[in-house]
Amino acid sequence: MHRSARWGLGAVGAGAALIVGLDLAALGEMDPFRRTISEHGLGERGWLFGLGVALLAVGSAAIGVSLARRRLAGVVGTVALLAWSAGLLVTAWFPKHDWSVGPSLSGSIHRAGSVIAFLSLPLAALIIARPWRAERHRAALAAFAFGIVAVLWVLGMGAVVMVGARSGLAWWQVMPLGLVERCLAAIEVIALTALGVWAAGKPVGLVEETSAG
């Protein structure tokens, strides 16, 4: 098992578990259907949220390094995966904002980081794990499949927002945003984990025969 992939999977698992734990601990205080994951960054356990997101980001970068070193990811795919990591770090460093009271610089940066992260991971999965490459690995196919699901989910969110805008509703009013975001995050973490499993389990001999993504 490739060391970078092993460490990456461990960090991603720990980060995801920490954030899920925060959700469970806050069930009596926060509505997960309406409140986004980033709400945890505003409370007294905000440092735990930052730690969880940082673990996800670092683990993702480690998986990207493993994929690149094993020639499973080309430049574009690697950059997309690193953009996901960078977007996560931005969302952790700059807290979310209550847009009902007006815009703020920190809130705008937070939202930009979220958009970059949520769009970059599906792109990375589709580019790196494309099924028409020479070697077909179950984990790679799973990453590609969940990448497609993530893209469709994002497109669905965009369609709902457009329909709501025509009715004069703000984007956060047209859907249970917390639930939608959590589902998207889960889909993307699964795709990321599949990429990590692929990198971790790839025999070295076959790696050198596979063309770069």
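Before you click anything, one definition: buried means under 20% relative accessible area, exposed means over 50%, and partly exposed is in between (1.4 Å probe, protein chains only). This is a predicted model, in which local features need pLDDT of at least 70 and side-chain atom pairs count only at pLDDT 80 or more, while totals for chains, interfaces and linings use all residues. Residues are numbered from 1 along each chain as its sequence is written, and side-chain values use heavy atoms, with hydrogens and water left out.

**The whole chain**

Start in cartoon view. You'll find seven helices and zero strands, which reads α-α-α-α-α-α-α along the sequence. Helices (H or I, at least four residues) and strands (E, at least two) are DSSP runs, numbered from the N terminus. Of the 213 residues, 45% count as buried.

Select glutamate 29, which is exposed at a relative accessible area of 64%. Its salt-bridge partner is arginine 45, with the closest N and O atoms 3.6 Å apart. A salt bridge here is a side-chain nitrogen of Lys or Arg within 4 Å of a carboxyl oxygen of Asp or Glu. Both residues lie in the loop between H1 and H2, so the pair ties together parts that are 16 residues apart in sequence. Arginine 45 is partly exposed, at 25% relative accessibility.

Next, pick arginine 35 and glutamate 39, another salt bridge, whose closest N and O atoms are 3.7 Å apart. Arginine 35 is partly exposed at 45%.

The structure holds three salt bridges. For one that links distant parts of the chain, go to arginine 182 in helix H6 and aspartate 23 in helix H1, 159 residues apart. The closest N and O atoms of this pair are 2.8 Å apart. Are these two buried or exposed? Arginine 182 is buried at 13%, and aspartate 23 is buried too, at 16%.

Leucine 24 sits in helix H1 (residues 3-25) and is exposed, at 57% relative accessibility.

**Into the core**

In soluble globular proteins, nonpolar side chains tend to be buried together. A nonpolar core is a set of buried Ala, Val, Leu, Ile, Met, Phe, Trp, Tyr and Cys residues joined through side-chain atoms within 4.5 Å. The largest one here has 41 residues, and Leu67, Leu195 and Trp198 have the most contacts inside it. H1, H2, H3 (75-93), H4 (105-128), H5 (138-166) and H6 (177-201) each supply at least two of its residues, and H6 gives the most, with 11.

Centre on leucine 67. Leaving aside neighbours within four places in sequence, leucine 67 is in contact with Leu72, Ala73, Leu81, Ile128, Leu195, Trp198 and Ala199.

**Along H2**

Now select residues 46-69. H2 has 24 residues and reaches 35 Å from its first C-alpha to its last, close to the 34 Å expected at 1.5 Å a residue; that expected span is 1.5 Å times one less than the number of residues. Serine 66, also in H2, is buried with a relative accessible area of 0%. Beyond its neighbours within four places in sequence, serine 66 is in contact with His2, Ser4, Ala5 and Ala199. Just after H2, check arginine 71, which takes a positive phi of about 60 degrees.

**Last stop: H4**

What covers the buried residues of H4? H2, H3, H5 and H6 are included in the cover. Those buried residues include Gly107, His110, Gly113 and Phe118. Zoom in on leucine 121 in this helix, buried at 0% relative accessibility. Again leaving aside neighbours within four places, leucine 121 is in contact with Leu81, Trp84, Glu188, Ala191 and Leu192. Finally, draw a C-alpha to C-alpha distance from leucine 121 to serine 60: 9.7 Å in space, 61 residues in sequence.

Technical notes:
Contact = heavy atoms within 4.5 Å.
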